Every structure is written in C-alpha cells, then in structure tokens.
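Hi everyone, thanks for making time this morning. I'd like to walk you through a structure that may be new to you, so please have a look at it with me.

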Amino acid sequence: MGEAVRLSLAEVQATARALLVAHGFNLAHAEAIARTVTAAERDECRHHGLFRIPFYIGALRAGQASPDAEPVLRDLAPAVIQVDAGFGFAPLALELGHAPLAERARQNGIAALAVVNAHNVAALWPEVERLAERGLVALAFVSSAPYVAPAGGTKPLFGTNPMAFGWPRPAGHPPLVFDQASSASARGEIQIRLQEGQTLPAGWAIGPDGEPTTDAGTALAGAQLPFGGVKGSSIALMIELLAGPLVGDVLSFEAGARDKAGTGAPCGGEFVIAIDPARCTAGGDRTAQLEHGERLFRRILEQEGTRLPSDRRYRARERTVREGVDVPRALLERLEAISPGQQASRRDDAFGGEPS
Ligand code: NDP
C-alpha cells in the first residue's frame with residue numbers, strides 16, 4: 001500500500017463526514033455514508049472505505065446525486081416494502097428500510113425490501129449482517145453500471161452485480177456473511193491497482209480489443225469478466241432482473257447511460273430479502289436450526305486451509321477497533337486535494353469516475 005498513516009475509526013468517521021458536509025451533503029446523508037465508509041475501513045474492505053469518498057462527492061458535483069433527498073418508505077404488499085431514495089445515496093435509504101423489513105419478516109416469515117432511485121457505491125454485507133444480527137437469514141442484490149461482458153461476449157453489459165448472504169449464529173458468534181461480486185473482481189480492486197501501479201491477475205478482464213489483459217487501465221476501458229464463466233454470468237443476469245425490472249428500476253446498461261458525467265456512482269435499485277428461520281419449519285425451533293448450521297461450519301473448518309466467509313472481516317474488526325487503520329498517505333493527500341479549502345488547486349480527476 002506504500003506509506004500509510006494510522007487513523008482511529010473515530011478519525012476516519014470524522015474525516016468522511018467533514019468532507020461530505022463540506023461538499024454539500026446534509027448531515028443525515030453525510031453521517032449515514034460516513035458510517036458505511038468507516039465500517040468498511042474497520043473491516044479492512046479498503047475499496048469501500050475512504051477510497052470511495054471522491055465517488056460520493058463526484059456524483060454530487062455532477063448534479064446527478066441529491067445531497068439531501070429524504071428517503072420515502074412505502075408499503076407495496078403485506079411482505080414487500082419500498083424505500084425510494086429520491087436519487088440520494090443508498091446508506092440512508094437502507095437504514096430507513098431496515099427495521100420495517102425485519103418486522104415484516106417476523107410477521108410473515110419472509111419479507112422483501114425494494115430500494116429504488118439510489119446511488120450505490122458501497123458493499124452489501126452491512127445490510128445482511130445487521131439483519132442476521134437480529135436473527136434473520138438475509139440476501140441482498142444490487143446492480144451497478146455496464147462493466148462486465150456476458151459469458152462469451154466482449155462488450156461490457158452487466159454490472160459487477162454483487163450478492164450478499166447472512167446467516168445468524170448462536171450467541172457468541174457474529175453472523176456468517178458472504179458478499180461477492182458476480183465479476184471475477186470488484187471494480188474497486190482494479191481502480192486501486194490502477195492508482196497503485198499494479199497489474200491484475202489473469203482472468204479478470206479483457207481490453208477494448210476483446211483480448212485478455214492484466215493492465216488496469218486497459219481493463220477499465222475494456223470489460224471485466226464474470227467469475228466462473230457462464231455461471232457467474234447467469235448470476236449477474238439474475239441480479240440485473242432482481243434489482244432492475246423486478247423493483248421497477250434500471251438495468252446496469254441503463255444506469256450507465258444515465259451517468260452522463262461518468263461518475264462511477266450509478267443510480268438504480270437494490271433488492272433485499274429477510275427470512276425468519278423459525279417460520280420456515282413446522283416446529284419453529286430456531287435454536288435447533290442454528291445449531292444444525294453450526295454442524296456444517298464445524299465440518300468445513302475441520303479441513304485444513306478453510307475458513308468461513310466473513311471471518312477475515314471479523315478478525316480485522318477486532319484489531320482495528322483497538323488499533324485503528326492504516327490509510328495510504330496518497331489517498332489522504334487525494335482527499336485533502338478535494339477538500340473545499342483546496343478547491344483552487346484541485347484536479348477534476350481527483351473525483352471518482354471512470355476513464356471514458
Ligand atoms: P471478495 O472476492 O474479496 O470476497 C468475496 C467473499 O468471499 C467475501 O465474503 C469473503 O469473506 C469471502 N472469502 C474470501 N476468501 C475466502 C476464503 N478463503 N474462504 C471463505 N470465504 C472467503 O469480494 P469481491 O471482490 O467479489 O467484492 C468486494 C465487495 O465489492 C463486496 O463487498 C461487494 O458488495 C462490493 N461491490 C459493490 C458493488 C456496488 O455496485 N455497490 C459492485 C460490486 C461489488 P471476507 O470478507 O471475510 O474476506
């Protein structure tokens with residue numbers, strides 16, 4: 001990562017909030033986004049931490065994202081609620097939808113939250129983790145912008161379309177969570193490698209000529225590849241449908257067309273499902289269900305070389321809440337360059353965005 005500066009999580013949160021407010025976000029949005037950014041730094045998910053701040057600000061500066069939209073909660077069906085983010089960023093909308101979604105899942109056994117008109121550049125694990133912390137099984141899906149070629153194709157069409165899954169565990173264990181893009185890598189991984197002058201692993205991307213590339217700039221100008229060929233491609237396709245037509249919002253290629261300024265902070269839908277395990281069996285014995293899941297986890301961990309998804313994040317979390325996080329000095333300098341006090345000298349390419 002090059003030279004780094006140690007920051008406490010409180011400093012990360014204050015830095016994010018101050019930058020967002022200085023650029024015009026209202027306090028509610030700035031705090032919700034800062035919580036998301038800080039959680040990402042805390043869990044050492046760097047591509048959704050402070051690195052993302054220029055994307056939030058860039059979409060605002062381009063006049064594409066609202067700085068103060070108040071998300072609106074609507075009932076669509078007994079077990080389906082909608083939060084219209086009003087072209088603001090997703091974190092505040094997701095916070096609004098969380099408790100009603102959990103409540104509907106308890107009432108109905110299963111419930112869904114459709115978030116629409118939300119700019120989203122965040123990870124999905126926070127939404128499923130907090131539902132699983134309330135004892136619910138959770139799934140979340142979001143599409144993005146046209147970055148990924150469908151299997152066999154060479155032109156970007158699908159988003160990097162992540163899905164996340166959360167499973168509650170007995171007392172004393174944080175939930176099991178996985179959160180993965182349907183592309184071979186998240187786009188942020190490529191953007192960070194571009195900034196740090198690193199090459200990409202083989203199999204992540206093709207260039208504009210359709211040929212495989214390990215050069216980050218060529219990959220961003222070309223197309224990312226789905227993970228696992230046609231299988232990842234079909235998952236990406238499913239997520240396009242769930243986060244787009246199903247909830248009445250756009251497909252990734254439509255979100256891309258709408259992002260006229262190329263901010264890399266697309267606006268679209270997200271679909272979240274919450275399930276109450278106790279309502280899925282005749283006896284409704286949640287303790288037995290969770291213990292049954294533990295048997296699987298124990299059998300996985302008996303095999304050398306395995307770990308559970310999310311264990312890396314939880315281990316990082318234990319450490320960073322005590323010790324803080326190492327933030328690359330170059331990133332802090334980039335953030336300093338976009339702070340309003342530095343506006344005279346700032347460069348437009350300091351703001352998120354995609355090479356067009
Ligand atoms: P990774 O490939 O880094 O990780 C995917 C999942 O696999 C994680 O849950 C990770 O757990 C788990 N995992 C990794 N290694 C192992 C292992 N050895 N054993 C068991 N589990 C393992 O994620 P991606 O690069 O695919 O995605 C990164 C992030 O980007 C996601 O959070 C995603 O939501 C986000 N994203 C957001 C988009 C948006 O538009 N908003 C678009 C695309 C991606 P762990 O965390 O513990 O390592």
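Between domain 1 and domain 2, about 1500 Å² of area is buried, and carbon and sulfur atoms give 69% of that. Please keep in mind that this is a predicted model.

So where do the two domains run? The domain assignment gives residues 1-61 + 324-356 to domain 1, while domain 2 takes in 71-183 + 226-310. If you take the centres over C-alpha atoms, 24 Å separate domain 1 from domain 2.

Let's look at how they meet. On one side there are 21 residues of domain 1, in contact with 14 residues of domain 2 on the other. How many salt bridges are there between domain 1 and domain 2? The count is one. You can find a salt bridge between Arg35 and Glu95, where the closest N and O atoms are 2.9 Å apart. As for polar contacts, the rule finds one residue pair across the interface of domain 1 and domain 2.

Which elements supply the side of domain 1 that touches domain 2? Helices α2 (27-42) and α3 (53-61) each supply at least two residues there. It is α2 that gives the most, with nine residues. If you sort the residues on that side of domain 1 by type, you get 10 nonpolar, six polar and five charged.

Now, on to the ligand. It is surrounded by 22 residues, and the closest are Ala122, Asp179, Ala181, Arg307 and Arg312. Let me pick out a few backbone atoms here. Ala122 has a backbone N or O atom 2.7 Å from a nitrogen atom of the ligand. For Ala181, a backbone N or O atom lies 2.8 Å from an oxygen atom of the ligand. And at Leu124, a polar backbone atom is 3.2 Å from a ligand oxygen atom.

Last stop: salt bridges in the whole structure. There are 20 of them. One to look for joins the side chains of Arg74 and Asp84, at 3.9 Å from N to O. Arg74 sits in strand β2 (residues 72-77) and Asp84 in strand β3 (residues 80-89), so this pair ties together parts that are 10 residues apart in sequence.

Definitions and conventions. Residues numbered from 1 in each chain as written. Predicted model: local features only at pLDDT ≥ 70, side-chain atom pairs only at ≥ 80, totals over all residues. Heavy atoms only, no water. Domains from an automatic or database assignment. Contact = heavy atoms within 4.5 Å. Buried area = accessible area lost by both parts, 1.4 Å probe. Salt bridge = Lys/Arg side-chain N within 4 Å of Asp/Glu carboxyl O. Polar contact = N/O pair within 3.5 Å; in protein donor to acceptor, adjacent residues only side chain to side chain. Helix = DSSP H or I, 4+ residues; strand = E, 2+ residues; numbered from the N terminus. Nonpolar A, V, L, I, M, F, W, Y, C, P; charged D, E, K, R; others polar. Near = heavy atom within 4 Å.
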